[in-house]
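Open your viewer and keep the selection panel at hand. We will go stop by stop.

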Amino acid sequence: MTKGKISGIQKKYLSYTLALLILALFLSSIGVWFYMRSSMISVIVDKYEFMNEKMGISMDILYDKSDEVTAECIIDDNVQKSLRARGLDGVEKNVLRKYFAYIDLSNISQYCYVDNKENVYTKSYSQVSYEDFTKSGFADLLSGEYSKTEWIWTKDTLFGTGKEALFVGRYVRSMDYAHKPGMIFLKMDEGFLGSLVKEAGDQSGEVAVGIVDENGEFCMEEYPQGFYMTKAARERITELAKSSRSGVILNRERVPGGILQVYRQKESGMLIFTLVPNTVLYNGLDQILLVLAGIYLLVIILAVGVSLYISRIFTKPIQKISSAMESFDGKDFSHKIELHTNTELDKIGHSYNEMLGNIEQLLVEIKNQERELRTSELNMLISQINPHFLYNTLDTIYMLARFNGEETTMKMIQALSRYLRLSLSKGRDIVTVGDELENVKSYMQIQQIRNEDLFRYEIHCEVKAGERQILKLILQPLVENAIKYGFCDILEGGFIRIEVKEISDRLTVSVFNNGTPMSRKVADKLNALGGIPVPEMKQYFPDKQHGYGVVNIITRLRLKYGEDVRFEYETGEEGTRCVIQLPKNGEEKNE
Amino acid sequence: MNDKKTAAVILTVSLFLCLAGCAAGENKKSTDAREEVAVPMILTVDPSAGTKNEEEVVKAFNQAYEGAYHIDVEWIMETEEEYRKNLKRMNVTGGLPAVITDLRMLPSYYQMMVQEKRIEDLSPYIYEDREWLESIEPAVLEACSESDGSIYLAPLSTAAFSCSGVFWNEELFRQAGIQEFPKTWEDFWNCCEKLKAHGIAPLALHTKGTAWAPMLFATAELSAFPEGAEFMKQLFPESYDNFCGLQLAATLKLLFTYTTEDAMHVDFDVAFDNFVSGRAAMISNGYWMIDQIPDELEGNVRFSVFPGNRLISSPETFGWAVVSDYEEEVKKGAIKFLKFRTLFNQKEKAAFWAEEAVGKNQMMKDYIEAYDGKPQIVPNYQVKWNSVLQEETLGECLPRLVNGEMSVEEFIRMLDESIRQYEDEL
């Protein structure tokens, strides 16, 4: 791995982290986008909603003002007198005509009062006659409500301009008598309704503001530059003109092009609306998104940096382990790993070091075993160089002893010759029970010649000795131990009994001696050999002075038959018995 | 199985919440449906006594109809004259309350309100409501009914509570050596002389409005004559240029010789003030003034019939009506209030006539004695004579007559002129 280049676990870790982070940021950006969008719109619409309501309330006030001034006109003495049967004289008429010029209401461009005697009172230059008034159709404009002030958006046929304008109209009724009522119309200039928008201040410049009469006619429209009122929005406003509710009758309704608020003035039935264009709604969002994107980018960079740093804390020791493993050539065990991460990785490093130690130890053992094997093979080869020479020599010695009449020598040579033949067994490990018994018998005969009267022996075989097989040279070391340790304290009277039986389908061989009993401690130690791994058995008796023969037997038995071998010393007052149980019939295990 | 149970629980809870929501909506609707209906009304606070007129009946109604109807009173501190003018203004400029009063005291205004269908015809409601009908005194029902049988003015009062006589200050009378209220007009003028001789203004009078206080004396005096009694029964007399007119003018002129110095160009409230403050010994007014007499004066004030055992009364003068402008529910509440007022008045009368209820109030004892003394009832000029005379001519001409700026003949000519003006306006 090249230093500095991101790969392996770190690469994957970074890839997944980055993917997860991008996913999280993407999802959060969607959430933030929707939240910000709704919040921003809410804040903006709140502002214009308030503005629209404020304009609506101003319209209420304006209506009340128009109602108040027309009421003052109605109860004026001269106006009332004009309705009485006798009416006004010329001077009074002039006074009344001028009286209307001083009505306390701004933005009156023209006025017209018609009494119930066909007298028309207007500005002096207006020159409107009763005939003009009749022809204008204004006599039929008022709805018929007894004393209500009405706002009427209509074409100005009264003063002859022909342009549409707002008129404040009202019946003028007698306070005392049931006379025909007069009518008063005040023509308002554009500033009258325009004052409502002006009161809203600068805010109104950003949004579409308009006034619609109860018939759905647009009386005033003030739109920001570039704004186009969609047909659907227009139709919706027109539809609302039919509403009988008053006050804020529509709030935050999304229409094509923006969000609509509508206030209905109760008495006049006029609507004042505010449409907040989409451009205003989303104006601030772009900047917020830009800031958001910047923040996200910074978060990604920081996250990558932190991820790199953190991932290195873990990947560095892993790389160290990986590098150590890759560089291990099977010879050099000195490359230990030193990790101090306070994580599980430390245990992995420690385990790796332990593994190296075990492998090293195993290799040493294998080498030792190989060495021993080679020595053994060499010895075997040496011993097989000329067995016939050895036999011929022994035969020659036997003949010489016979010539000389030395019976004991002859027996000894015969026994030795049988013993050697069976020991060699032409290099085979497995022999028949009969051969094994013959071998140990030869050994015991030699020992009897050597130690006269020391012991006697019995061999009791309950199996077919010629058919049943057994690992060779098992019994001889046991007998040797019996003579060597069991009879070490006596000079005569020793007894050795060898039994071969079939117990529970297992070939059972036992060697009993009546000599000094083996100590319990030694017996237990020897009996424990069955539970010790084969490689460690040699270390069990490190002095190689004691137990070597037994270790040899058990090692060979376990190597030959596996773990299903029982080897046990039983010790008591009458003597020591060694019992060996082999699987099945003592045949070699082919594993 | 568990999933099914969970789903069932969620569905049940959702259903419950939905139903609860619906139920909440229903409750809201039903609550809205039961919302108390406000019936607007304007009533006056007496400028002198500071008492709220008709407060008791309003409270009783609001208590009885709590949750259904509520008489929403705007209490205003103004004279009856100002109140009546306001009624006219409000009619032509909007804003009349649902229940209006004093309508019959403005004859032309009342006629206009009827002609222009500004007030409700109560006859269907009254004749369909046995309880209401039976609670109305026949004389009151007749007085309130129009010739075509329609009823615009609620016959809510009892004749017993609509009589006007003379309130007099017993202490001032005693100071002048007068022991009792005069029983004849001759004695009345003598009484005035004695009071005047003792430096006490005998009469509390005024000239503005419909000159109510002097006109009560003058019309009561007029009815002492057989021609006068007949004249007072006429609706919209065709002329005052007769004995009755002359007698009326002469009496008015004479009355003002026994009044206070500030009686010219002022309204009834000034006259009332003069009486309750002890500056004048007598004032003519109706039963309703008993409640307005200050407590400290109660022991000194007595009530008597006009000389010749006469009381002036027109039960319809109260003139309570329901304005047509309002929604049906409001009008329904207003009509219920008029019925309640009728029954309330009957109970009031029964309690009033019970001696124990009267207690030690001398004025009430006097009133009962006067009403039970079989007096001659003289119709109220306010319901019989034209509006121009009452509202314009009297106010303009009476001070001039009294001051000698206008002769009796000229005064009578002006009265007749008012008739022509009124006819012109019809």
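Which residues does B:Ile283 touch, not counting residues up to four places away in sequence? Select B:Ile283 and look around it. It touches B:Phe167, B:Ala204, B:Ala213, B:Ala271, B:Phe272 and B:Phe275. Remember as you go that this is a predicted model.

**Stop 1**

**Stop 2: helix H10 of chain B**

Now select residues 212–222 of chain B. This is helix H10, and it is mostly covered. How many of its residues are buried? Eleven of its eleven residues are. Among them are B:Trp212, B:Met215, B:Phe217 and B:Leu222. B:Thr219 and B:Glu221 are buried as well.

**Stop 3: where the chains touch**

Show both chains. The contact takes 15 residues from chain B and 13 residues from chain A. On chain B, select helix H3 (80–93), helix H4 (107–115) and helix H19 (408–425). Each supplies at least two residues of the side that touches chain A. Color that side by class: it has three nonpolar, seven polar and five charged residues.

**Stop 4: chain A as a whole**

Chain A has 14 helices and 17 strands. Of its 591 residues, 27% count as buried. Next, consider contacts in chain A between residues at least 6 apart in sequence. Of these, 61% join residues at least 24 apart.

**Stop 5: helix H11 of chain A**

Select residues 433–450 of chain A. Helix H11 has 18 residues. From its first C-alpha to its last it reaches 26 Å, close to the 26 Å expected at 1.5 Å a residue. Its buried residues include A:Val433, A:Leu437, A:Val440, A:Met444 and A:Gln447. An α-helix has 3.6 residues a turn, so residues three or four places apart point the same way. What do the buried residues of H11 pack against? Their partners in chain A include helix H10 (407–424), helix H12 (475–486), strand S12 and strand S14.

**Stop 6: the sheet**

Two of those strands lead on to a sheet. Five strands of chain A form an open sheet in the order S12-S14-S15-S17-S16, with mixed pairing. Select the edge strands, S12 (455–461) and S16 (566–572); each pairs on one side only. The twist averages 15° from one strand to the next. Now zoom in on S14 (residues 494–503) and S15 (residues 506–513). They run antiparallel, and eight bridges join them. One pair to click is A:Arg497 and its bridge partner in S15, A:Phe512.

**Stop 7: two positive phi angles**

Follow the loop between S14 and S15 to A:Ser504. Its phi is positive, about 50°, although it is not a glycine.

Bring chain B back and select B:Phe236. Find it in the loop between helix H11 (226–233) and helix H12 (243–255) of chain B. B:Phe236 is partly exposed, with 14 other C-beta atoms within 10 Å.

Key
Residues numbered from 1 in each chain as written. Chains lettered and ligands numbered in written order. Predicted model: local features only at pLDDT ≥ 70, side-chain atom pairs only at ≥ 80, totals over all residues. Pairing = 2+ DSSP bridges. Helix = DSSP H or I, 4+ residues; strand = E, 2+ residues; numbered from the N terminus. Axes fitted to C-alpha atoms, helices over the stretch in contact; angles between N-to-C directions. Buried ≥ 20, exposed ≤ 12 C-beta atoms within 10 Å, placed from the backbone. Contact = placed C-beta atoms within 7 Å. Nonpolar A, V, L, I, M, F, W, Y, C, P; charged D, E, K, R; others polar. Expected span 1.5 Å × (residues − 1).
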